[in-house]
Amino acid sequence: MNKQRVLTGITTTGTPHLGNYVGAIRPAIAASQRADVQSFYFLADFHALIKCHDPVLVHQSTREIAATWLALGLDTNNAVFYRQSDVPEIPELCWMLTCMAAKGLMNRAHAYKGAVDINKEAGEDPDFGITMGLYSYPILMAADILMFNAQKVPVGKDQIQHVEMARDIAARFNHHYGEHFVLPEAQVDDTVALLQGLDGRKMSKSYGNTIPLFLPEKQLKKSINKILTNLLEPGEAKDPDTSAVFQIWQAFATPAQTTEMRQAFADGIAWGEAKKQLFELINGHVGDAREKYELLLDNPAHIEEMLQAGAAKARSYSKPLLEKVRAAVGIKKIQ
Ligand code: TRP
């Protein structure tokens with residue numbers, strides 16, 4: 001069977017939260033268990049350096065994200081799970097692609113343009129505080145994707161443009177040097193929930209409104225109690241569709257449990273009671289994985305071992321491809 005190749009990267013800044021879990025980690029782990037898919041999942045630690053210049057945080061996040069995916073049951077026999085910086089072929093390919101990528105294409109990248117707009121509004125120089133890392137990061141992302149000839153790239157909406165840029169760069173390279181790269185496609189799953197955070201806005205590290213996935217029980221309870229609600233009293237009917245408590249419930253509950261909770265809202269369930277039930281639901285859902293997560297964090301050598309095994313697998317693909325690409329551009333032994 002010809003398996004479909006799916007690849008995605010996780011930038012190693014921050015601790016995984018419920019929004020990451022529901023939106024990206026849970027569907028990715030489910031895909032890793034499918035026989036017709038070959039998935040490549042990697043810790044994008046070179047990408048982390050674009051946003052985060054704190055070495056302690058980058059390292060800690062790498063460890064936590066690796067432990068999270070392993071604890072949640074990522075099937076590392078079926079999926080290739082590796083750390084970007086363990087695959088030296090990626091930055092080398094990145095340079096070759098950089099020499100094929102139009103500067104004008106990079107000028108149009110949303111992340112760069114957004115930063116320029118903020119500077120202009122503040123009356124600063126347009127490029128104030130913008131590094132070459134931020135400017136050319138779509139090329140590094142293209143290298144991540146093209147290195148493994150991925151067909152599908154599951155991403156959030158904000159990343160579609162980058163996958164299209166990877167396609168553009170691949171097409172240009174193929175046109176000039178011959179067919180080396182598969183043209184990747186972004187895969188945006190509209191059915192996965194975008195979770196609301198504590199304040200009702202999208203759960204995101206940049207809003208500081210997240211509920212970390214593996215908080216110890218007591219802290220998880222506290223955090224759930226902080227979800228913003230209105231002032232309706234027990235006994236007063238509540239609107240589930242505008243409630244973050246209900247929305248998060250829905251992301252973890254079975255359809256029957258969701259119907260029950262909807263009814264409970266109509267019947268005027270107290271906010272305290274709804275939150276207590278939400279805590280129990282989530283705690284039941286993540287309890288076993290949290291135990292594994294804590295064991296893994298206590299045994300970093302094991303995490304490292306898993307990553308090294310993943311890197312060896314990844315390099316069995318990246319080395320031969322890079323060898324061909326090198327020859328194609330004229331970088332080879334003198335004969
Ligand atoms: N830039 C992506 C993000 O911020 C992470 C990422 C890096 C990625 N390389 C990738 C995603 C390659 C998909 C494919 O979410």
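Biologist: Are Arg-83 and Asp-86 buried or exposed?

Modeller: Both Arg-83 and Asp-86 are buried. Keep in mind that this is a predicted model.

Biologist: Which kind of contact does Arg-83 form with Asp-86?

Modeller: Start with the general idea. Side chains of opposite charge can pair when their charged atoms come close. Here Arg-83 and Asp-86 form a salt bridge, and their closest N and O atoms are 2.9 Å apart.

Biologist: How many salt bridges does the structure hold?

Modeller: There are eleven salt bridges. Take Arg-326 and Glu-92 as one case. Their side chains meet in a salt bridge at 2.6 Å, N to O. Arg-326 belongs to helix H14 and Glu-92 to helix H4 (residues 89–98), so this pair ties together parts that are 234 residues apart in sequence.

Biologist: How covered are these two partners?

Modeller: Arg-326 counts as partly exposed because its relative accessibility is 29%. Glu-92 also counts as partly exposed, at 27% relative accessibility.

Biologist: Which strands does the salt bridge between Glu-185 and Lys-152 tie together?

Modeller: The two side chains meet at 3.1 Å, N to O. Glu-185 lies in strand E5 (residues 185–187) and Lys-152 in strand E4 (residues 152–154), so the bridge ties together parts that are 33 residues apart in sequence. Glu-185 is partly exposed, with a relative accessible area of 41%.

Biologist: Which residues do salt bridges with shared partners join into one network?

Modeller: Arg-83, Asp-86 and Glu-304 are joined into one network in this way.

Biologist: Now the interior. How do I read a nonpolar core?

Modeller: In soluble globular proteins, nonpolar side chains tend to be buried together. In this model, the largest nonpolar core has 53 residues. Trp-69, Ile-211 and Ile-248 have the most contacts inside this core.

Biologist: Which elements give two or more residues to this core?

Modeller: Among them are helix H1 (18–32), strand E2 (37–44), helix H3 (55–71) and helix H14 (300–329). Helices H10 (217–225), H11 (244–252) and H12 (255–266) also give two or more, as does H13. H13 gives the most, with ten residues.

Biologist: Where does Asp-288 lie?

Modeller: Asp-288 sits in helix H13 (residues 271–297). Asp-288 counts as exposed because its relative accessibility is 60%. Asp-288 also forms a negative surface patch with Glu-291, Glu-294 and Asp-298.

Biologist: How many residues of helix H8 are buried?

Modeller: Ten of its ten residues are buried, and helix H8 (residues 137–146) is mostly covered. The buried residues include Tyr-137, Pro-138, Met-141 and Asp-144.

Biologist: How many residues apart in sequence are Glu-64 and Pro-300?

Modeller: They are 236 residues apart in sequence, yet 9.9 Å apart in space, C-alpha to C-alpha.

Biologist: One last feature. How do I read backbone angles?

Modeller: Most residues other than glycine have a negative phi, and most peptide bonds are trans. Asn-149 is not a glycine, but has a positive phi of about 45°. Look for Asn-149 in the loop between H8 and E4.

Terms used: Residues are numbered from 1 along each chain as its sequence is written. This is a predicted model: local features need pLDDT of at least 70, side-chain atom pairs count only at pLDDT 80 or more; totals for chains, interfaces and linings use all residues. Side-chain values use heavy atoms; hydrogens and water are left out. Patches are made of residues with over 30% relative accessible area and no salt bridge: like charges are joined within 9 Å, nonpolar side chains (Val, Leu, Ile, Met, Phe, Trp, Tyr) within 5 Å. Accessible areas come from the Shrake-Rupley method with a 1.4 Å probe; for residues, only the protein chains shown count as cover. A salt bridge is a side-chain nitrogen of Lys or Arg within 4 Å of a carboxyl oxygen of Asp or Glu. Lys and Arg count as positive and Asp and Glu as negative; His and the chain ends are not counted. The place of a charge is taken as NZ of Lys, CZ of Arg, CG of Asp or CD of Glu. Helices (H or I, at least four residues) and strands (E, at least two) are DSSP runs, numbered from the N terminus. Buried means under 20% relative accessible area, exposed over 50%, partly exposed in between (1.4 Å probe, protein chains only). A nonpolar core is a set of buried Ala, Val, Leu, Ile, Met, Phe, Trp, Tyr and Cys residues joined through side-chain atoms within 4.5 Å.
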